[in-house]
Amino acid sequence: MAAAADAVRRDGDALPLVAIEGLSKVYVRGDQVIPVLVDINLGVREGDYVALMGPSGSGKSTLLNLIAGIDKPSAGSIRVAGVDIARLSEADLAAWRAEHVGFIFQFYNLMPVLTAYQNVDLPLHLTSLSRAERRERVLTCLALVGLTDRMDHFPNELSGGQQQRVAIARALITDPTLIVADEPTGDLDRTTAEEILALMERLNRELRKTIVMVTHDPKAAEHAKRLVHLEKGVLVDA
Amino acid sequence: MFALLVLRNAFRHKLRTTLTIAGIVVAITAFGLLRTIVEAWYAGVDATSSTRLVTRNAISLVFPLPLTYAQKLRQVDGVAAVSWANWFGGVYITERNFFPQFGIDADTYLDMYPEFVIKPEERKAFLVDRNGAIAGRKLANEYGWKIGDRIPIRGTIFPGTWTFTLRAIYDGVDAKTDETQFYFHWKLLNETIKQRYPKRGDQVGVYVVEIRDPTRAAEISQSIDATFRNSLAETLTETEKAFQLGFVSMTEAILVAVQAVSFVVIVIIMAVMANTMAMTARERYAEYATMKALGFGNDYVAWLIFAESLGIALLGGALGIALTFPLAHAFAGAVGTLFPVFNVSARTLAMQVGAAALVGVVAAGVPAWRAARVRIVDGLRAVA
């Protein structure tokens, strides 16, 4: 247990923003129990940029889902900013995600019936901000990702890179504690991928956003401050 | 944002949504028309008065009653007035031109039916003309009759061609009143029969008995029937409503079939709509999962589906209701006087709205439940 705590705190004395202790996840298929993550201990400091790497089936996306609060662990705890999210009810977890997590997906996951502006505005409808305050925030975020001139375009009128920029703006809009990115460049060509990675790096460096990114691309991982390797559900190098 | 998402999602697949709405329009219109047919069948029942009883021969309606019963009926406690009528069953030009014709005891009969509004001068003209007749406004319009026109009717029960002069046209006091009836003097009928078949004279088809207190209808009916018990022509007395329902019950099987079809139509469109909504929701699992990941609750996602389904169903329902009126009008015109009263009632409209709402809610039930329950990680995987 002490070793686990050391692993979690290895980057400093202060408690990390994300503190994972003894985390396990198993899937049950009939009589079979399939372990996906085994006794994971990991800490992520505020302002960190962590790349989770590993071969397919290593459990990196599952770990990211658990950190983001969209899946529940079989055992162990995940504390984000002091809150053990594994113990939250589904409704509380939804409210927690709305406030603390920004999502960037491989396939952007924008609402096809909403414009870029409306997609970025969407998470703000869960807040008590006024229309004017929402508008100011949306325009700021769209400017940050360089898409002010495309704000009235629907996703199918945008390129893959532009759609991912909209998704990044949406992830930023609530000023979340943590940004999780699952293969954010997996659907993009190399040049566009570099632009997106540069943008994410900027978010981390200039806005001090804490980012946890899953990738299998070593070039993408180079943009992160820290690499974490998983193999067969076990942390091999953190 | 909720309304925007619902609206844009609803018209995302324009062809699919248009076809679904078209299906609902057809179903709701058909439902409305079939319900109106059922109500038209009961129109005679709805137009009855609680103060009128009908006394007929206990054996069957086809057997007459003696005219002498009129005086005895007047003496029964609670009876305010007595009149009588004979079904004539004649043919105007061809058998296709069906409308009810009655020989009536004019003075007393018209007083008992205040729902027939007749101009005083026309009523007077009818009363003084032995060959005079009264027709309802709808019937007169159907055949283009005007006051003074001579109307030949070939008798089937009472042989020969009977020519009447139209002296009055009555209007219904409200939309429920039957305006397709044709009345002439019972006296003319009786005198003619007496000349041709003396033994068949002084007989009436039914007596119409007006009572003072409708709450005593059952008691007075029993008194009347007791008066004529063990006579040559025993009577059966019932309220006018029960009398009319007796006719409706003769065709009850058809009515039940029409009602069943009207509900089957709704069940079919419900299945079609449910399939559409299930398909729609399944295609959007990834979007719903994304919304949930962003912090929107399961209920929000479920309401999105419910609202979309309800919106489509109610839009189709509204168009269907709007289409019901001209179609009902055209149908009523096509069937002529077969349905004396053929109006789309407020009750039918309410049922149409209810049916459309039910289709929307039921169709969304399972898809909304599934979308609300789908795990975020599973829903997101639907993208890849």
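Domain bounds come from an automatic or database domain assignment. With that in mind, select chain B: domain 1 covers 2-43 + 252-381, and domain 2 covers 59-233.

Before going further, note that this is a predicted model, in which local features need pLDDT of at least 70, side-chain atom pairs count only at pLDDT 80 or more, and totals for chains, interfaces and linings use all residues. Residues are numbered from 1 along each chain as its sequence is written, while chains are lettered from A and ligands numbered from 1 in the order in which they are written.

**Stop 1: the two domains of chain B**

Colour the two domains separately. The C-alpha centres of domain 1 of chain B and domain 2 of chain B lie 48 Å apart. Between them, 6 residues of domain 1 of chain B touch 10 residues of domain 2 of chain B. Contact here requires C-beta atoms, placed from the backbone, within 7 Å. On the domain 1 side of chain B, the touching residues are 3 nonpolar, 3 polar and no charged. (Ala, Val, Leu, Ile, Met, Phe, Trp, Tyr, Cys and Pro count as nonpolar; Asp, Glu, Lys and Arg as charged; the others, Gly among them, as polar.)

**Stop 2: chain B as a whole**

Zoom out. Chain B has 15 helices and 12 strands. Helices (H or I, at least four residues) and strands (E, at least two) are DSSP runs, numbered from the N terminus. The radius of gyration of chain B is 29 Å, well over the 21 Å that the globule rule gives for 384 residues, so chain B is more spread out than a compact globule. That radius is taken over C-alpha atoms, and the rule is 2.2 Å times the number of residues to the power 0.38. Along the principal axes, the C-alpha atoms of chain B fill a box of roughly 95 × 45 × 30 Å.

**Stop 3**

Select residues 298-335 and 346-373 of chain B, helix 13 and helix 14. Their axes are 8 Å apart, at an angle of about 155 degrees. That makes helix 13 of chain B roughly antiparallel to helix 14 of chain B. Axes are lines fitted to C-alpha atoms, for helices over the stretch in contact, and angles run from 0 to 180 degrees between N-to-C directions. Angles under 35 degrees count as roughly parallel, over 145 as roughly antiparallel, 65 to 115 as roughly perpendicular and the rest as oblique. The contact of helix 13 with helix 14 of chain B holds 21 nonpolar, 7 polar and 1 charged residues.

Helix 2 packs on helix 14 of chain B at about 145 degrees, with axes 10 Å apart. Show side chains for Ile24(B), Ile28(B) and Phe31(B), among the contact residues of helix 2, and Met351(B) and Val359(B), among those of helix 14. This contact divides into 7 nonpolar, 4 polar and 2 charged.

**Stop 4: chain A**

Switch to chain A, with 8 helices and 10 strands. Its radius of gyration is 18 Å, close to the 18 Å that the globule rule gives for 238 residues, so chain A is as compact as a globular protein of that length.

Pick helix 6 (residues 160-172) and helix 7 (residues 190-206) of chain A, which pack at about 15 degrees with axes 10 Å apart. These two helices of chain A are therefore roughly parallel.

**Stop 5: where the chains meet**

Show both chains. The contact takes 17 residues from chain A and 18 residues from chain B. Helix 3 (residues 90-100) of chain A gives the largest share of the chain A side, 5 residues. That side divides into 12 nonpolar, 3 polar and 2 charged.

Terms used
Contact = placed C-beta atoms within 7 Å.
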